[in-house]
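Biologist: Could you take me on a close look at one part of this model, and then show me how other parts compare in their surroundings? I would be glad of the cut-offs as you go.

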Amino acid sequence: MGVHPLRQTVVAGLAAAGLAALPSTAYAAWPVSELERVGYCTTAATDPDALTRSVGALGLGTPATAPIAVLDSGVDADVPELAGRVLPGLDAATGTPVSGDLDGHGTAVAAVAAGVPGGISPSSPILPIRVFDPSGDSTADTVARGIDLAVAKGASVINLSGAGAAADAAPADIALVTAAINRAFTKGVLVVTASGNTGDGAPQVPANLPHVLVAGSTGWSGGRADFSSTGPWVDLAAPAEGITVSQPRALCQSGYASVSGTSFAAPALAGAAAVVSQVRRALTVQQRFELVRRAAADIAPEGRDDETGFGLLDVRRGLSAPAPARDTSTEVDDDPYWVRGARGKRHPAALRRSRRFKATGSVSPAKDPSDVYPVRLARGERLTASLRVTDRADALALAVFAPSSGDFDVTRGVTRRLLADAGGFSAAPTLRLRASRAGTYYVAIQAADPQDPDEPDAAVPATQAYRLTLAKQRAPRTGRRR
């Protein structure tokens, strides 16, 4: 029985689930979401274990994990399902302590991730970081600071249940949030977000950004919920239509509400990621990322698809499936920025002490668009780079950028410092280059764009594995010593 609709942000579509609109002094406005779901207070949690049973998490006896950071409206520490596990909260905009929940959205998200009963990882602490104001609005710089705060406070997983039209996001804002996500990834922290509630394939931020785990929603029929946004960035789905969640009693006297929206699919995935990160600690962050996104039971359409990704979340698969192949490359390595300077220690230059280098790796159009290898060459030395795509039905691009390349020339498609390329996409591209001066050059392997504007529904591979070989020859002598 419904008592009354939840207040503003839930009735208006759980607007806190969107990264939204107040412009900051430094950055243009982050887009407002259009999450038109409605939530209602209910008398009780009629089946508290329905979610965990449906995604294979019931009875796992999950271990204590590092905190799950909930970047949202706050979390009510008095909710019984979260008792004793809500850490002191912070306001990302100011860095100051906060407590409570502005509108119930963050509490609902936290309960899905870690509530007892009903949460996916019921022993996880919750770290509330407020990124939304009382109107459910935020800015890109607040979100980026929230991600950095979560990493600094020891979170293993960050849940950001938000979505907004990528077309409305300023390039500076996209770059800012992308950089924060990548910083988290390099520290071993996974960022999880919602696919969005537009019900179509229009790109949504932050779901369409690299190195983000994205959850869509299944509906009553078991397939994709009609409101759940689609696209090549969707990793898997979890039930999030008409589910019962915990609420502050100030909003719902019963302490429960029935809600719908991909905002509540994301924390199911975040809870699973926390469990997998704890149980399978020997895996690299890239292996955990790939394992978690594939921890699903296939549902229609068959195979990986833009409707529900790899299928319905299955936590047990994430705990028992074989470890993904370990790349020679170390993520993040998408651009020169990530493989030089202080970050270069994780990415030593190839061919510095040898004349041949081999690596195995993978890229993903939607998740990891490029791999960059720094290569040390002396003046006049000749470089040969050859790539072999493991699945010859796939194709990748191969290029070499100059030592003077800008930090993000590769992913931004800046060609001013492009010295050589293999002539487009191929299953076996090869190129050759003679170094005009000594320095560190950047060999870039690039996947195609995740979505073709002319064919937005065209399928793209989830990952593309490759083998890279680099070889150099000494510079030819130009004269004889007398």
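Modeller: Contact here means heavy atoms within 4.5 Å of each other. This is a predicted model, so local features need pLDDT of at least 70 and side-chain atom pairs count only at pLDDT 80 or more, while totals for chains, interfaces and linings use all residues. Residues are numbered from 1 along each chain as its sequence is written, and side-chain values use heavy atoms, with hydrogens and water left out.

Let us begin with L87. This residue is found in the loop between strand 3 (74-75) and strand 4 (89-91); strands (E, at least two residues) and helices (H or I, at least four) are DSSP runs numbered from the N terminus. Leaving aside neighbours within four places in sequence, L87 is in contact with P67, P125, I126, L127 and P128. Its relative accessibility is 33%, so L87 counts as partly exposed, a term for values between buried (under 20% relative accessible area) and exposed (over 50%), with a 1.4 Å probe and protein chains only. The C-alpha atom of L87 is 57 Å from that of R434, and the two residues are 347 apart along the chain.

Another loop residue is T308, placed between strand 16 (296-297) and strand 17 (312-313). T308 counts as buried because its relative accessibility is 0%. With neighbours within four places in sequence set aside, its contacts are R224, V234, D235, L236, A237, I299 and A300.

Now for the disulfide, meaning a pair of cysteine sulfur atoms within 2.5 Å. The structure holds one, and it joins C41 to C252 with an S to S distance of 1.9 Å. The link between C41 and C252 is left-handed, with -75° about the S-S bond. C41 sits in strand 1 (residues 40-42) and C252 in the loop between strand 14 (243-246) and strand 15 (256-259), so the pair ties together parts 211 residues apart in sequence. C41 counts as buried because its relative accessibility is 1%, and C252 does so at 0%.

Finally, have a look at helix 7 (residues 285-293), which is mostly covered: nine of its nine residues are buried.
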